[in-house]
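I opened this model to look up a few things about its strands, helices and ligand shell. My entries follow in the order in which I made them.

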Amino acid sequence: HAAEAQRTDLMTITRHVLNEQGRHPESRGDFTILLSHIVLGCKFVASAVNKAGLAKLIGLAGDTNGEEQKKLDVLSNEVFVKALVSSGRTCVLVSEENEEAIIVDAPLRGKYCVCFDPLDGSSNIDCGVSIGTIFGIYMIKDKDNVTLDDVLQPGTDMLAAGYCMYGSSCTLVLSTGNGVNGFTLDPSLGEFILTHPNIKIPNIGKIYSVNEGNAKNWDAPTAKFVEKCKFPQDGSPSKSLRYIGSMVADVHRTLLYGGIFLYPADQKSPNGKLRVLYEVFPMSFLMEQAGGQAFTGKQRALELVPRKIHDRSPIFLGSYDDVEDIKALYASES
Ligand code: AHM
Ligand code: MG
């Protein structure tokens, strides 16, 4: 029976990336090794997140010598930093949790730079709502002369980007610049299996996603746009509002169902909230690779050039036509 058929040919994330590299033999598996270390970090966080509630209740992590348990975001960061350094494939690491960039010691140095937010959406941890890891990967310019400029590059220079969502299931979404693919962690195998091949975002969506509590501080184009979502004047149906407050979950839904996610500038935060290197760029890269768009209010998001590693930017990303609408509103303003 077809319904009973067991799938026996499993496309793991490693196999998938190795296949893709068949097109770039010069990368000789280095990227696969780097990715397998990122995947290790994601599996660790997935397991820690699953145990988080329990750990609090019964002190699972063993609070024997009176030491306070490490917060989940601090712990996740340590795991990612150690996994990335020990891969021997990285040279500059930028983490949301570290004020300074980490320059990897020469003996362990490789050619990739990784910018990441190890556990984004941390306000959602304690209530068990989806959280995620976000990452973007660059290649260094000169191995003997590693500087911050290796990561202070426009997002168009990114080689790969992805996120892992710790939700009702654990899903890793990845692009190496050749479309977007989604993999789901099979806990019994401990492997990410290709479940969402070649993700394309619908051209227009029925959902908008924004923290409307900030509306009183919005600029005119943002306010007009959201008003249009609720009271369309052209006969189109009004959009539904969905906002989790966890970027990975809000972007994941936008990617699969279509629509728009925005974290605009406002009077209190003229650059919005989200960070360019490890939030805005990776998500913009994925959106474009899936056929959508990402816009800052002034320009294509990937063409930004960050000046500091923790720079922020307003962001509007999602379905192609929905982002066209906000672009038109900004254009008619200036
Ligand atoms: P964090 O890095 O402190 O977790 O903040 C980032 C999160 C994003 O996941 C989310 O999109 C945004 O903050 C929500 O912000 P707000 O609570 O202002 O709506
Ligand atoms: Mg964050």
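I began with Ile137, whose bridge partner in strand 5 is Ala160. This is a predicted model: local features need pLDDT of at least 70, side-chain atom pairs count only at pLDDT 80 or more, and totals for chains, interfaces and linings use all residues. Residues are numbered from 1 along each chain as its sequence is written, while chains are lettered from A and ligands numbered from 1 in the order in which they are written.

I noted what the element names stand for: helices (H or I, at least four residues) and strands (E, at least two) are DSSP runs, numbered from the N terminus. Two strands pair if DSSP finds at least two bridges between them.

**Strand 5**

I found 7 bridges between strand 4 (residues 131–139) and strand 5, in the antiparallel sense. Strand 5 also pairs with strand 6 (residues 170–175), antiparallel, over 6 bridges. There Gly162 has Leu174 in strand 6 as its bridge partner. Strands 5 and 6 make a hairpin with 3 residues between them.

I then checked burial, where a residue is buried if 20 or more other C-beta atoms lie within 10 Å of its own, exposed if 12 or fewer, and partly exposed in between, with C-beta atoms placed from the backbone. In strand 5 (residues 160–166), 7 of its 7 residues are buried. Ala160, Gly162, Cys164 and Tyr166 lie on one side, and Ala161, Tyr163 and Met165 on the other. In a regular strand the side chains alternate between the two faces of the sheet.

I traced 5 strands in an open sheet of mixed pairing, in the order 10-9-11-13-12. Strand 10 (240–241) and strand 12 (293–295) are its edges, each pairing on one side only. Strand 9 runs parallel to strand 11 (residues 260–263), with 2 bridges, and Tyr208 has Ile260 as its bridge partner. Strand 11 joins strand 13 by 4 antiparallel bridges, with Phe261 opposite Leu317. Strands 12 and 13 are antiparallel over 3 bridges, and here Phe295 stands opposite Phe316. In strand 13 (residues 315–318), Ile315 and Leu317 point one way, Phe316 and Gly318 the other, and all are buried.

**Helix 4**

Which residues of helix 4 (residues 220–230) are buried? I listed Pro221, Thr222, Phe225, Val226 and Cys229. They are on the same side of helix 4 because they cover an arc of only 130° around the axis (the arc of the directions from the helix axis to the C-beta atoms). The face turned away carries the exposed Ala220, Glu227 and Lys230. The buried residues pack against strand 9 (207–209) and helix 7 (320–333), where contact means C-beta atoms, placed from the backbone, within 7 Å.

**Asn198**

I found Asn198 in the loop between strand 8 (191–196) and strand 9. Asn198 is not a glycine, yet has a positive phi of about 45°. Asn198 is exposed, with 12 other C-beta atoms within 10 Å.

**Ligand 1**

I looked up the residues around ligand 1, among them Glu96, Asp120, Asn211, Tyr263 and Lys273; a residue counts if its C-beta atom, placed from the backbone, lies within 6 Å. The shell divides into 2 nonpolar, 5 polar and 4 charged residues. Ala, Val, Leu, Ile, Met, Phe, Trp, Tyr, Cys and Pro count as nonpolar, Asp, Glu, Lys and Arg as charged, and the others, Gly among them, as polar.

Technical notes
Contact = placed C-beta atoms within 7 Å.
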